[in-house]
Amino acid sequence: MYRPGRPRSPFRIPVGSGSGQVRFRSAPVGSGRHEEASLIVITGATGFLGSHLLPHLLATDEPVTALVRDDPRLALRRLARALAATPAGHEVLDALPSLVRLVRVDLSAPRLGLPGPVHHELAERTRQIWHCAALTAMTAEPSLLHHVNGEGTRRVLELADAAPRARLLHVSTAYVCGARQGLVHEDDLDDTAGFLNPYEASKHRAERLVRRWARSRGRAVTVFRPSVLVTDRPRPPRTPRHPLSVLGRGLRLLAEELEAADRAATVRLPGSPGSTANLVPVEYAARAMATIGAAPALATVPDGPVSTYHVVHLHDTPVPRVLEAMSHACPGLSIRLEPGRRNAGALDRKFAEATAGFHRYAACAVRFDRGRLGAATRGLSPPAPITPAYLRDALRA
Amino acid sequence: MTDAYQLITDYLHDRFDVSPAEITEHTTFDALGLDSLDLAEIAVILRKAHGLELDGVRAASTLREAACRLDEARSGGTPA
């Protein structure tokens, strides 16, 4: 539990980062500066994005508090596993218990389920709130998605309300654009095209809450809209998954079934050869977000106090390239795109289930403007285009 | 402890690097960091290797509950 003023054990204070490497220097036991310093608060630190972002946040000279759903001892183990799977995570593992304070919260409860004075103290000291926690399962129950993503955001806004000095950095998704096609600008947010799944709808609703809150309070908010966050690094057991890892696991299970039935199969998806997906390496995305978070919030942007960034790849990935890698991950399965196809057979439905909603994106031709992201991250090299080899490794993870 | 419990914990150790110190029979799969996809994989392995179905087990289930399900599957149905 969160204990204001709790003496801290010996720790190391990070002094900066460069090229993804996080460096630390020693600090005296029970540093007063650390005790009194303002906080960076993060939700979702044990998740895929959060665990990649955390080392960058630790590379400031401010203490980090992670709001977690588990008992702190359990959460610490979960966090350590997740960090160990990230490029910079090894740097912080040894000192993790002293670098990150874990506070058990209920993101759906008033005041995060914390006693009033504890919530007040947390809010008073908070300088930044990174809201990364989300349910990202595209085909989860809509009510559950809205509860976790909507209600969770509401409670984070409640914390931000009580934290007058804090800047909120909200992690949304590029796919709040739903079924829109063509170019989407960073300030666009409309639901006229509908949504491809309840996950998109829940994140859209959450972003609306954030924007409404920012306008009504006149508070600076940074909204990050990452596209599909991926990595090609191997995934150790019991660490957070990314969407292609989920897809790969589903395909391997489907391959088991096809092998057991001793047959090959063809799945036909509605889509065209010109369809694209935007996949962005999480290592780049986390660094870009941390860079933007470290700079002052934009004072004037077209959308009032909210500055929005499409944290996306410069190059879209052709859907046929993804499908080829998927066929590679599922021997015996051939995947074809058929424009205008509507009626799905039994195998199509099984494929849709195994791939957790991916099939809806086979007809996607949306592009994301990244002008504001590019301007804010000029020092960062954009990632290389996503190659077939990268996709195969990502699906294997 | 039943053979089914041992089977599950052995598999958790071998495949998911779960140490004995992390486990009690009241531990849930979720607490160990396993999700529904991990459970699906365990179910496939149990089906292929032992012909057993791991029905009704979720990430929130305890290891004891999972072992009971396996024992039920072995005995051919739900005990009275």
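**View 1. Chain B as a whole.** Read along its sequence, chain B follows the pattern α-α-α. The model shown here and in the other views is a predicted one. The secondary structure of chain B amounts to 3 helices and 0 strands. Along the principal axes, the C-alpha trace of chain B spans about 30 × 25 × 20 Å. A compact globule of 80 residues would have a radius of gyration near 12 Å, and the value for chain B, 12 Å, agrees with this.

**View 2. Packing of H1(B) on H3(B).** Helix H3 of chain B covers residues 63–75 and packs against H1(B) at an angle of about 125°, with 8 Å between the two axes. H1(B) and H3(B) are therefore oblique to each other. Their crossing is right-handed. On the H1(B) side, the contact is made by B:Ala4, B:Tyr5, B:Leu7, B:Ile8 and B:Thr9. On the H3(B) side, the residues are B:Leu63, B:Ala66, B:Ala67, B:Leu70, B:Asp71 and B:Arg74. By class, the contact of H1(B) with H3(B) holds 8 nonpolar, 1 polar and 2 charged residues.

**View 3. The contact between chain A and chain B.** Chain A contributes 9 residues to this contact and chain B contributes 10 residues. On the side of chain B that touches chain A, the elements giving two or more residues are helix H1 (3–16) and helix H2 (36–50) of chain B. H2(B) gives the most to that side, with 3 residues. The residues on the side of chain B that touches chain A divide into 7 nonpolar, 1 polar and 2 charged.

**View 4. The two domains of chain A.** Domain 1 of chain A is made up of 12–227 + 280–311, and domain 2 of 230–278 + 315–366 + 384–396. Taken over C-alpha atoms, the centres of domain 1 and domain 2 of chain A are separated by 29 Å.

**View 5. Where domain 1 of chain A touches domain 2 of chain A.** In this contact, 16 residues of domain 2 of chain A meet 23 residues of domain 1 of chain A. On the domain 1 side, two or more residues come from each of helix H2 (48–58), helix H3 (72–84), strand E8 (182–184), strand E13 (279–281) and helix H10 (282–294) of chain A. H3(A) gives the most to the side of domain 1 that touches domain 2, with 3 residues. The residues of that side of domain 1 of chain A fall into 13 nonpolar, 7 polar and 3 charged.

**View 6. Packing of H7(A) on H8(A).** Helix H7 of chain A (residues 142–162) and helix H8 of chain A (residues 198–217) have axes that come within 9 Å and cross at roughly 20°. That angle makes H7(A) roughly parallel to H8(A). The crossing of H7(A) and H8(A) is right-handed. H7(A) takes part through A:Pro142, A:Leu145, A:His146, A:Asn149, A:Gly150, A:Thr153, A:Arg154 and A:Leu157. H8(A) takes part through A:Pro198, A:Tyr199, A:Ser202, A:Lys203, A:Arg205, A:Ala206, A:Leu209, A:Val210 and A:Trp213. Sorted by class, the contact of H7(A) with H8(A) has 9 nonpolar, 5 polar and 3 charged residues.

**View 7. Packing of H9(A) on H12(A).** Helix H9 of chain A (residues 243–261) packs against helix H12 of chain A (residues 346–354) at an angle of about 140°, and their axes are 8 Å apart. H9(A) and H12(A) are therefore oblique to each other. In H9(A), the residues involved are A:Gly250, A:Leu251, A:Leu253 and A:Leu254, and in H12(A) they are A:Lys350, A:Phe351 and A:Ala354. The residues of the contact of H9(A) with H12(A) comprise 5 nonpolar, 1 polar and 1 charged.

Notes. Residues are numbered from 1 along each chain as its sequence is written. Chains are lettered from A and ligands numbered from 1 in the order in which they are written. This is a predicted model: local features need pLDDT of at least 70, side-chain atom pairs count only at pLDDT 80 or more; totals for chains, interfaces and linings use all residues. Two residues are in contact if their C-beta atoms, placed from the backbone, lie within 7 Å. Helices (H or I, at least four residues) and strands (E, at least two) are DSSP runs, numbered from the N terminus. Ala, Val, Leu, Ile, Met, Phe, Trp, Tyr, Cys and Pro count as nonpolar, Asp, Glu, Lys and Arg as charged, and the others, Gly among them, as polar. Domain bounds come from an automatic or database domain assignment. Axes are lines fitted to C-alpha atoms, for helices over the stretch in contact, and angles run from 0 to 180 degrees between N-to-C directions. Angles under 35 degrees count as roughly parallel, over 145 as roughly antiparallel, 65 to 115 as roughly perpendicular and the rest as oblique. A crossing is left-handed if the near helix is turned anticlockwise from the far one by less than a right angle, and right-handed if clockwise. The radius of gyration is taken over C-alpha atoms; the globule rule is 2.2 Å times the number of residues to the power 0.38.
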